[in-house]
Amino acid sequence: QVQLEESGGGLAQAGGSLRLSCAASGSIISINRMGWYRQAPGKQRELVATIISGRSPNYADSVKVRFTISRDNAKNTVYLQMNSLKPEDTAVYFCNALMSTPWDTFRNYWGQGTQVTVSS
């Protein structure tokens, strides 16, 4: 069994910062891509940032420069440093990982989501 556990969400003021973490645990053979997506009320889930080891991270245009994704392979953990937060960043943020386990090859896994609320 595999799970993704997110932490670090909460309330921030516009212009402030938050840092999200997501740790993968369980019977993991390898992790290819890790990333963050978000879903605001009434909107579709959208990509925020993804990272593959050895490659440049990929960011949504709306968060470029303000957000930084990083990864600690030894801890199977991905981070999202969010700076200069805006009210429009308010959403539930979901961790995502493309992982291989003893039962699946490169299956997409999702965390339960963590709420980020930015007040103006």
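Modeller: Contact means heavy atoms within 4.5 Å. Leaving aside neighbours within four places in sequence, serine 100 is in contact with Ser27, Ile28, Ile29, Ser30, Thr105 and Phe106. This is a predicted model: local features need pLDDT of at least 70, side-chain atom pairs count only at pLDDT 80 or more, and totals for chains, interfaces and linings use all residues. Residues are numbered from 1 along each chain as its sequence is written, and side-chain values use heavy atoms, with hydrogens and water left out.

Biologist: Why is serine 100 called buried?

Modeller: Buried means under 20% relative accessible area, exposed over 50%, partly exposed in between (1.4 Å probe, protein chains only). Serine 100 has 8%, so it counts as buried.

Biologist: What makes glutamate 46 and arginine 38 a salt bridge?

Modeller: The rule asks for a side-chain nitrogen of Lys or Arg within 4 Å of a carboxyl oxygen of Asp or Glu. Here the closest N and O atoms are 2.7 Å apart, so the pair qualifies. By this rule the count comes to 5 salt bridges.

Biologist: Which residues are linked in a network of salt bridges?

Modeller: Arg38, Glu46, Arg66 and Asp89. Aspartate 89 forms a salt bridge with arginine 38, at 3.0 Å between the closest N and O atoms. Arginine 66 also forms a salt bridge with aspartate 89, at 2.7 Å.

Biologist: Why is aspartate 89 called buried?

Modeller: Its relative accessible area is 0%, so it counts as buried.
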